[in-house]
Amino acid sequence: MERRTASGDPREELAARLRLLQQLSGLGVRALARDAGLSSSSLSRYLSGQTVPPWPAVIALCRVVKRDPRPLRPLWERSSNPLPAPPKASRQAQPRPRNDLPRDVTDFTGRVDQLAAVLGAVERHQVVAVDGMAGVGKTCLAVHAAHRLAADYPDAQLYVDLHGFTEGREPLGPDSALRMLLGALGVPSEKVPQEGIEQLAACWRAELAGRRAVVVFDNAADADQVRPLLPGAGPSVALITSRNRLLGLDGVPPVSLDVLSPEESAELLARASGDPGGPDGRLGRDPESAAEVLRLCGHLPLALRLAAARLRHRPGWTAGILVERLSQGASEFDAAFAMSVKQLDRSQARLFRMLGLLPGTSFDEYAAAALADVPLPSARAMLEDLLDAHLVQQPTAGRYRLHDLVHEHARRAGEQQDARAERGRALGRFLDYYVHAAAAADAAIPVLSPGRSVTAGRPPAELPRFEDKHAALAWLVAEYEAMIAAFEMAVAIGADVHVCELPRFLRAYFARRCGTTHLNSLFERSLVAAQRLGDPLQLAEAHSDLGFARYNAGRMAEASAAYEAAELQVSRAGDVRFEAELAMRRGYLSWDEGSVEEPLELFGLAGKLFEQIGCPTGVAHAAASQAWAMLQLGHREEAARRAREVLAVPHPDPAWPPTLTARITLGVAIAAEAPDEAVEHLHRALELAREDGHMNNEAWCLNCLGVALRHMGRYEEALAGHRQAFALLDELFEEHWKIHFLNGYAETCRLAGLPEEALRLHRQALELAPRLGNRYEEALAHEGIAIVLDATDPAAAAGHRAAGRAVLRELDPGDR
């Protein structure tokens, strides 16, 4: 690319970069415009520097020559004179580099050749697959190598257990794994494709392309499970472990592990047990017994560490005693496990068996306390004891997990020693914990107006405490996999109330981190559970929740059907709070379907119902939505008055949705009469959306700021706001959000003297609106096109104007 021009004008530099793209393409202006989907006249202005292209046009030009557009983004932003962005440190979307690697073992022994092979394969091929039997040390080697590589790959060190061979659990699918990985990189949920493994994998590879990251994929079942997860072009590397040779991964060299040699086994046993070695050590004084320990452990690192832990914590034991205890087991695995468990006291052994009930994922001390029904300090102390005995692993501070083989042993021990009813009660407490903990986290993230009560099970004695919404969101991120595993367990054992309620408290999390595809799947299964329960309120809420998920995925017709089904249950349910929330949701849907006055009526109904039950937060939420609807109807003074009423309602979170909606509404409503105050409100809303890390709301604020600045006649600044909003939506893959912004952006372009750009945007709205079922925006698009064409093609303008009026008559024959 060319260097910055001597004038220092970013517009001239951007034009020079675009001219270089044309040179690379080898095409003339008309041919390049055709291939990029642009008009030749617009492209000529972009290449000459007369006009700054919209960001999608830059992307389209880069695609023609197969170049990454992201390096051009800072220059494009300077060229567009955008509004200043906040410091990166203040944005939730800019976390510190992620390090999920489990702790490296301090007694890593042997494997010199294998470690060299792993590091060499990574250097040459980016990816390596370590295979071998259970307990042979695959994970230990991969994690040790990843720690060695961490300094050279500072952008992220990620670890994912794919659960390919976890007893009682399905392997982690590529869809879930990719969403977890993208979340670990801090990729906003809105940028994550909603459907399709190929699209998710492409997004993952694109995110890795600009980073130096090392990823460990542990416990892979087969090549198909791991293939979509591999990095593409770029510097990032991956280490895979599996019990199977992954022959289907072309170009991925294998490193196979066998058991340790007798010399390596003896060294590991001595180091892990703290034995000084030599003739004075316990092992050295009885070499025959020491050799028998190695044989009984099968020279497997996992079994050796378990045996060594017993020897280390029993100073009076000899190697002969250790052999005697090991010999009581049925195999090298069970011998080591059983011997370790026998050294536990009764409460520790009971907790260990209870942990075998867990669905093969990580857990914290709160979950362990609920599972075993013991106080939190007791659970914490027992977990530390199990950690010392190598029966529990601690991948990160505060979180624990069981090796697959240990987990299976604990499960079998529980089946043999604990009554079925006792195991059932433990599982119930575990599920109760996650529903109540998720509800507590959801309550700390004030997104929805009324709080929901939990009816599933009983609240545990202790729950995590969340100082603010950021702490709650961090907990939800850490516990995501465990909660999904809990949901699957609830489905498996028929805990229908838990199946209904757990996803309800994950909506704020999914809105910010994981998109809506998985949420739709969860609520589909919740509805099946509610139908089995037959409870009117559960059934009504399940239909409404599914409608909410459909709505957020842009599936408007299905959302409408779900809300209608919920409406049929309202009278049977007899719950005013639910009736109010359903009215709010129906109002949002009605708005997106193109109606204006019906949403106003529904928001008014919701406000009265919330007032009836004494819910001021719900009243404020409804009033803010009413104010916004009034603004769209042209009732600026009334909209401003209602917005000010909402802003007068105190709330601890300044980014609370009603406050954000009210500030945006007020800013647009008073733009012409009080421009300084309007800009202040809109800038504050933008700042709050950015601090909250909610990029959809950020795009909304930017677009509305563009509308307000247009009302003030400040067209260049208005265009900058619109452009930033659409650049965000392009990043977030949120096409259906654009329908609310396209016609307003086009109007700004027309008034700013850009009729061709205005026409393009109105036509884009005209194409998108019918697909989404938004007839009102369809009518506005027709009218906008007619206004632009009036001067050049009156006949076409008349046709569009007539079509727009016909749509309005269909929507509301009496009033429109």
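## Report on a predicted model

Lys-738 sits in the loop that runs between helix H35 (715-732) and helix H36 (742-751). Helices here are DSSP runs of H or I with at least four residues, strands are runs of E with at least two, and both are numbered from the N terminus. This is a predicted model, in which local features need pLDDT of at least 70 and side-chain atom pairs count only at pLDDT 80 or more, while totals for chains, interfaces and linings use all residues. Residues are numbered from 1 along each chain as its sequence is written, and side-chain values use heavy atoms, with hydrogens and water left out.

Lys-738 has a relative accessibility of 4%, so Lys-738 counts as buried. Buried means under 20% relative accessible area, exposed means over 50%, and partly exposed lies in between (1.4 Å probe, protein chains only). Apart from neighbours within four places in sequence, Lys-738 is in contact (heavy atoms within 4.5 Å) with Phe-726, Leu-729, Asp-730, Gln-764 and Leu-768.

Next come the aromatic rings. Rings of Phe, Tyr and Trp (its six-membered ring) pair if their centres lie within 6.5 Å; planes under 30 degrees apart count as stacked, over 60 as edge-to-face and the rest as tilted. The count by this rule is 8 aromatic pairs.

Phe-430 and Tyr-434 belong to helix H21 (residues 420-443) and are 4 residues apart, about one turn of the helix. Both residues are buried. Ring pairs also join Phe-430, Tyr-433 and Tyr-434 into a cluster. Phe-726 lies in helix H35 and Phe-741 in the loop between H35 and H36, so this pair ties together parts that are 15 residues apart in sequence. Phe-726 and Phe-741 are buried as well.

Some rings have a charge over them (NZ of Lys or CZ of Arg within 6 Å of the ring centre and within 35 degrees of the ring normal). Arg-212 lies over the face of Tyr-153, at 4.7 Å from the ring centre. The charged end of Arg-507 is over the ring of Phe-548, 5.3 Å from its centre.

The model also contains a sheet. Strands of a sheet pair through backbone hydrogen bonds, either parallel or antiparallel. Here 6 strands form an open sheet with parallel pairing, in the order E1-E3-E4-E5-E2-E6. Two strands pair if DSSP finds at least two bridges between them. Strand E1 (98-99) and strand E6 (254-256) are the edge strands, each pairing on one side only. Strand E2 (residues 127-131) and strand E5 (residues 237-242) run parallel and are joined by 5 bridges. In this pairing, Val-127 stands opposite Ala-238 in E5.

Helix H6 (residues 112-125) packs on the sheet and touches E2, E5 and E6; the direction of H6 makes about 150° with that of E2. Axes are lines fitted to C-alpha atoms, for helices over the stretch in contact, and angles run from 0 to 180 degrees between N-to-C directions. Helix H8 (residues 174-184) packs on the sheet too, touching E1, strand E3 (156-161) and strand E4 (213-220), and the direction of H8 makes about 155° with that of E3.
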